[in-house]
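The entries follow in the order I made them.

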There are 2 protein chains.
Amino acid sequence: MSTTTTGSAARRAHESRVLAALRDGPLSRAELARRVGLSRTTLSETTAELLRRGAVVVVDTDAATRRGSGRPAERLALDPGSGQYLGVDFGHRRVRAAVADAARETVASGVEHYDDDTPWPRRLDLAFRLVDRLAREHGLHFGELQAVGIGVVGPYGGWRVDSKQVSWARRSAPHDVHGAFAERFGAPVVVDNNTRLAALAEAVSQPEGATDLLYVRLSDGVGGGLVVCGRIGTGAHGFAGELGHINVDPAGSRCRCGKRGCLETVASAPAVLAACRARGVEVTTLDDLAAVVATSDPVVEAVLRDVGAAVGRVLSTAALTLDPDEIVIGGEIVHVAPVIVEQAAATLRYELHPLPTDEPLVVRAGRLRDTDGALGALAAAFHLSPLLAGYPQPEAADGDADLRGTLRTPMPALHARLRRAL
Amino acid sequence: MSTTTTGSAARRAHESRVLAALRDGPLSRAELARRVGLSRTTLSETTAELLRRGAVVVVDTDAATRRGSGRPAERLALDPGSGQYLGVDFGHRRVRAAVADAARETVASGVEHYDDDTPWPRRLDLAFRLVDRLAREHGLHFGELQAVGIGVVGPYGGWRVDSKQVSWARRSAPHDVHGAFAERFGAPVVVDNNTRLAALAEAVSQPEGATDLLYVRLSDGVGGGLVVCGRIGTGAHGFAGELGHINVDPAGSRCRCGKRGCLETVASAPAVLAACRARGVEVTTLDDLAAVVATSDPVVEAVLRDVGAAVGRVLSTAALTLDPDEIVIGGEIVHVAPVIVEQAAATLRYELHPLPTDEPLVVRAGRLRDTDGALGALAAAFHLSPLLAGYPQPEAADGDADLRGTLRTPMPALHARLRRAL
């Protein structure tokens with residue numbers, strides 16, 4: 001696996017054009033030249049480099065049938081065995097990686113588990129081993145990667161540095177993640193909240209794409225993501241979509257964020273399991289829950305309906321704010337307990353019923369299950385979707401310790417503004 | 001006042017370039033030609049038309065000092081007495097109009113009052129008379145207007161047609177408004193929710209502009225507006241920003257939207273006055289309220305703090321969803337009772353305190369008071385702000401009865417999508 005440093009942005013752009021042209025099928029050099037509009041010299045240099053790295057291979061030479069002494073009519077094609085993009089999703093308890101080839105098709109995906117309190121060096125090591133294993137098992141050879149997308153747990157993710165919990169924007173871990181991957185693979189890296197990346201993956205998972213999508217994920221934590229006006233919404237400081245910390249019960253349990261009664265204290269997978277246990281139903285895993293749900297246990301049904309109603313109330317406030325055309329509820333638990341989605345949809349139907357629209361709002365469970373974050377990280381690495389207009393390009397490590405710099409385009413300086421501090 | 005029909009979009013675009021060039025000061029025809037980059041013929045036709053309409057005047061001819069027989073060195077300048085843009089804000093009980101000249105400076109503004117149940121023909125008549133009066137009082141002459149922006153009350157506005165209350169998207173009134181203004185002024189018209197336009201006005205009222213702004217207006221009703229990723233957010237069906245109908249009290253009063261305990265039932269100006277009266281404080285107008293607030297009446301103070309807390313809770317859910325850098329609370333009542341903004345800011349401070357950011361969120365009262373909607377309508381008519389990327393251009397009446405067509409760019413066809421109806 002290459003560890004050379006990144007080439008120029010221009011070279012990568014040329015490579016992208018050549019690779020994009022070859023996605024439709026093999027092309028002769030002459031056909032390629034017409035399609036990509038690069039100078040003869042640039043095209044020649046670009047294809048030579050792609051051939052050297054194995055991203056592109058020569059196919060269909062007509063040497064066997066050719067008459068005369070002309071140069072062989074080579075055709076160039078993408079090598080499906082070449083890993084070109086890497087998407088990595090670091091969750092609370094596992095890292096998932098997905099690899100896409102030059103044609104941007106996912107060619108491998110895998111997972112490694114760890115404990116919630118595993119320190120970052122160990123998480124990184126597990127991720128690198130996972131990528132090595134995927135390469136071995138799937139017969140992949142990595143040329144120089146085009147880009148790496150990485151999802152990390154959001155602002156309340158409980159990042160630990162020196163055994164202290166540090167805050168999201170100030171933590172050093174994500175910079176280490178960015179730097180570690182940039183160094184390991186010599187490729188541009190983009191890092192973002194993994195739930196936002198999951199929202200991106202759900203939005204691009206349908207042919208037409210969604211222009212206004214609201215996404216919430218019920219997992220070890222509860223997070224969300226937005227597509228607004230056909231663009232991934234990050235917010236002013238990278239915190240857009242923090243639906244898990246909207247209050248649903250003023251007198252509720254203490255949340256790890258420090259507030260009380262956040263949606264996460266009610267609708268995260270551990271909170272749902274705990275609520276079942278508090279009602280005397282012994283479940284410790286989602287598999288246990290699935291078994292009880294299969295019996296139509298009325299106590300569990302009531303617990304799950306309460307969870308769905310809380311999710312629906314929070315989604316209603318977000319939907320009245322944003323007016324999405326689609327709402328997606330993700331996380332393994334919604335597949336184990338679909339009544340959560342049904343009840344959330346019913347609550348949304350009530351809260352939005354006065355809105356006069358002929359187009360019924362779509363409310364559905366996530367399609368992508370546990371791969372959503374890694375696929376979204378890949379999508380961010382491709383940086384091709386119009387959803388990513390204004391979203392940062394993957395970039396090489398530059399020593400910027402502030403994650404926000406990788407989350408959004410630079411903002412106008414705000415400090416000079418006369419403001420009334422909160 | 002001209003009632004001729006609109007010229008071509010190209011002609012208007014040429015005129016816009018000439019007018020924009022002249023905003024910095026008078027220019028000779030030669031200087032103008034260099035600045036606008038139009039062909040000699042097109043420039044000549046364009047300036048002739050602008051001179052004919054009085055939008056542009058000739059200044060500084062050097063006939064008095066010129067020697068020889070050459071053509072006079074005319075310079076062209078904007079005519080500050082020429083009304084070029086009209087912004088109109090139809091509220092529940094008044095219409096406000098503002099006029100901007102070719103340099104996009106507001107040159108006149110005025111208001112006419114009516115009852116909440118005034119039918120639309122009468123409202124239109126009052127608006128047209130108001131515009132005539134402004135022209136008379138301010139010595140304005142209207143050439144052919146460049147564009148008209150119009151704000152109307154949002155989805156819960158209680159539009160009445162044939163003495164029945166009709167829903168927002170299906171009502172015929174806004175189309176009448178669009179058509180009536182297009183016919184009366186022979187100009188392109190853009191219509192939108194007046195609260196969204198007020199948000200636009202607040203966002204453009206500061207030199208740097210806001211990239212992520214959340215706006216709520218406490219008025220006869222309660223509405224909101226968004227700037228997301230540096231663009232005005234309309235949502236998928238034009239309903240984005242309906243903060244007034246987020247639930248704040250499940251067992252609360254019936255709202256005119258049909259639900260219970262919406263923010264509007266607690267924080268609209270009439271609701272606040274009613275809450276004071278229910279506590280034995282006889283106030284029927286905002287002036288009455290101002291007088292009681294001046295005495296620091298503790299009962300009224302408690303009522304207002306409850307209102308501010310409810311506003312703050314709703315803004316918190318929206319802020320956790322959107323992560324804005326600025327929150328603006330508008331409406332006359334926040335100037336009469338600033339404690340509402342103070343309490344809302346305190347509630348927001350609590351709900352957002354776990355978010356690790358060095359940039360304190362700005363929470364402030366609206367700057368623009370009652371002119372906000374009309375100024376936002378003007379801004380929409382200018383269609384110059386980058387906030388309006390993707391927002392519809394003003395357009396001539398075309399018989400499209402569906403307001404949504406004027407609210408957002410066309411969406412990809414969604415009907416074919418496999419969907420789970422709400």
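**Salt bridges and cysteines**

I started with Glu332(B), which is partly exposed at 32% relative accessibility. My classes for relative accessible area are buried under 20%, exposed over 50% and partly exposed in between, with a 1.4 Å probe and protein chains only. The model is predicted: local features need pLDDT of at least 70, side-chain atom pairs count only at pLDDT 80 or more, and totals for chains, interfaces and linings use all residues. Residues are numbered from 1 along each chain as its sequence is written, chains are lettered from A and ligands numbered from 1 in the order in which they are written, and side-chain values use heavy atoms, with hydrogens and water left out.

**Entry: chain B pair**

I found a salt bridge between Glu332(B) and Arg369(B), 3.1 Å from N to O. I count a salt bridge when a side-chain nitrogen of Lys or Arg is within 4 Å of a carboxyl oxygen of Asp or Glu. Glu332(B) sits in the loop between strand 14 (326-330) and helix 11 (333-336) of chain B, and Arg369(B) in the loop between strand 15 (362-365) and helix 13 (372-382), so the pair ties together parts 37 residues apart in sequence. Helices (H or I, at least four residues) and strands (E, at least two) are DSSP runs, numbered from the N terminus. Arg369(B) is partly exposed, at 40%.

I then noted a network: salt bridges with shared partners join Asp89(A), Arg94(A), Arg96(A) and Asp370(A).

**Entry: chain A pairs**

I looked up Asp220(A) next. Its salt bridge with Arg93(A) has the closest N and O atoms 3.0 Å apart. Asp220(A) lies in the loop between strands 11 (213-218) and 12 (222-228), Arg93(A) in the loop between strands 4 (82-90) and 5 (94-101), so this pair ties together parts 127 residues apart in sequence. Asp220(A) is partly exposed at 25%, and so is Arg93(A) at 41%.

Arg52(A) and Glu49(A) form a salt bridge at 2.9 Å between the closest N and O atoms. Both lie in helix 3 (residues 40-53) of chain A, three residues apart, about one turn. Arg52(A) is exposed at 59%, whereas Glu49(A) is buried at 17%.

How many salt bridges does the whole structure hold over all chains? My search gave 38.

**Entry: cysteines**

I counted zero disulfides over all chains, taking a disulfide as two cysteine sulfur atoms within 2.5 Å. Cys257(A) is buried at 10%. In chain B, the sulfur of Cys262(B) is 3.7 Å from that of Cys257(B), its closest, again too far for a bond. Cys262(B) is buried at 1%.
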